[in-house]
Amino acid sequence: MSAAGGRLQDTARQAALALPGVSHGYPFTPGLDVYKVAGKVFLIVTDDPDDQIITVKCEPEHARALERGHASITPGRYLDKRHWISLGPGPGITERLIADAVEDSYGLAAEQLPRGDRPRAR
């Protein structure tokens, strides 16, 4: 079953907050809920009810494959379009796909950190 916009955003938030060492806030603008691990951004949730998307880090090859397979996955808004994708509600956008995208993004951000700064599993 595809995730509607509000559920897409709620699923992304829940997946992010379940990961170790995550903080979030609104550092850029009140409409962008930004999730970080040790200061590294890995998820942006757009609070605009007319534009319900999430933006996550993604390996470039995987990002292009996801974009080809889903009309509502596009190059990332707000950030480097090669390394970020935006997911909106639509056919094939499931809660599992959303959670996987958030977890993968978290992993990419965390692996950029020095080993001593990486969060430990709960």
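Accessible areas here come from the Shrake-Rupley method with a 1.4 Å probe. On that basis the protein exposes about 6400 Å². Carbon and sulfur atoms supply 52% of that area. The model is a predicted one.

**Overall build**

The protein has 3 helices and 6 strands. From the N terminus on, the elements run α-β-β-β-β-α-β-β-α. The radius of gyration is 13 Å, close to the 14 Å that the globule rule gives for 122 residues, so the protein is as compact as a globular protein of that length. Along its principal axes, the C-alpha trace spans about 40 × 30 × 25 Å. Buried residues account for 45% of the 122 residues. Among contacts with a separation of 6 or more, 52% join residues 24 or more positions apart.

**The sheet**

The 6 strands form an open sheet. Their order is β1-β2-β3-β4-β6-β5, and the pairing is antiparallel. Strands β1 (22–25) and β5 (73–75) stand at the edges; each has a single partner strand, so one side of each is left without a neighbour in the sheet. Neighbouring strands are turned by 25 degrees against each other on average, direction ignored.

Glycine 25 has valine 34 of β2 as its bridge partner.

**Helices across the sheet**

| Helix | Residues | Strands it lies across | Angle |
|---|---|---|---|
| α2 | 60–69 | β5, β6 (84–87) | about 25 degrees to β6 |
| α3 | 95–111 | β1, β2, β3 (40–46), β4 (54–57), β5, β6 | about 45 degrees to β4 |

Both helices lie across β5 and β6. Helix α3 also lies across β1, β2, β3 and β4.

**The cores**

The largest nonpolar core holds 29 residues. Within this core, Phe42, Leu43, Ile54, Val56, Ile85, Leu87 and Val102 touch the most other members. The elements giving two or more residues are α1 (5–17), β2, β3, β4, α2, β6 and α3. Helix α3 gives the most, with 8 residues.

Isoleucine 54 shows how the elements meet. Leaving out residues up to four places away in sequence, isoleucine 54 touches Leu8, Gln9, Ala12, Leu43, Ile44, Val45, Ile85, Ser86, Leu87, Ile98 and Val102.

Threonine 46 is found in strand β3. Is threonine 46 buried or exposed? Its relative accessible area is 4%, and buried means under 20%, so threonine 46 is buried. Again leaving out residues up to four places away in sequence, threonine 46 touches Gln9, Gly31, Leu32, Asp51, Ile53 and Tyr78.

Isoleucine 93 lies in a loop, the one between β6 and α3. At 0% relative accessibility, this residue too falls under the 20% limit, so isoleucine 93 counts as buried. How far apart are the C-alpha atoms of isoleucine 93 and leucine 8? They are separated by 8.2 Å, with the two residues 85 apart along the chain.

Notes:
Residues are numbered from 1 along each chain as its sequence is written. This is a predicted model: local features need pLDDT of at least 70, side-chain atom pairs count only at pLDDT 80 or more; totals for chains, interfaces and linings use all residues. Side-chain values use heavy atoms; hydrogens and water are left out. Two strands pair if DSSP finds at least two bridges between them. Helices (H or I, at least four residues) and strands (E, at least two) are DSSP runs, numbered from the N terminus. Axes are lines fitted to C-alpha atoms, for helices over the stretch in contact, and angles run from 0 to 180 degrees between N-to-C directions. Contact means heavy atoms within 4.5 Å. Buried means under 20% relative accessible area, exposed over 50%, partly exposed in between (1.4 Å probe, protein chains only). A nonpolar core is a set of buried Ala, Val, Leu, Ile, Met, Phe, Trp, Tyr and Cys residues joined through side-chain atoms within 4.5 Å. The radius of gyration is taken over C-alpha atoms; the globule rule is 2.2 Å times the number of residues to the power 0.38.
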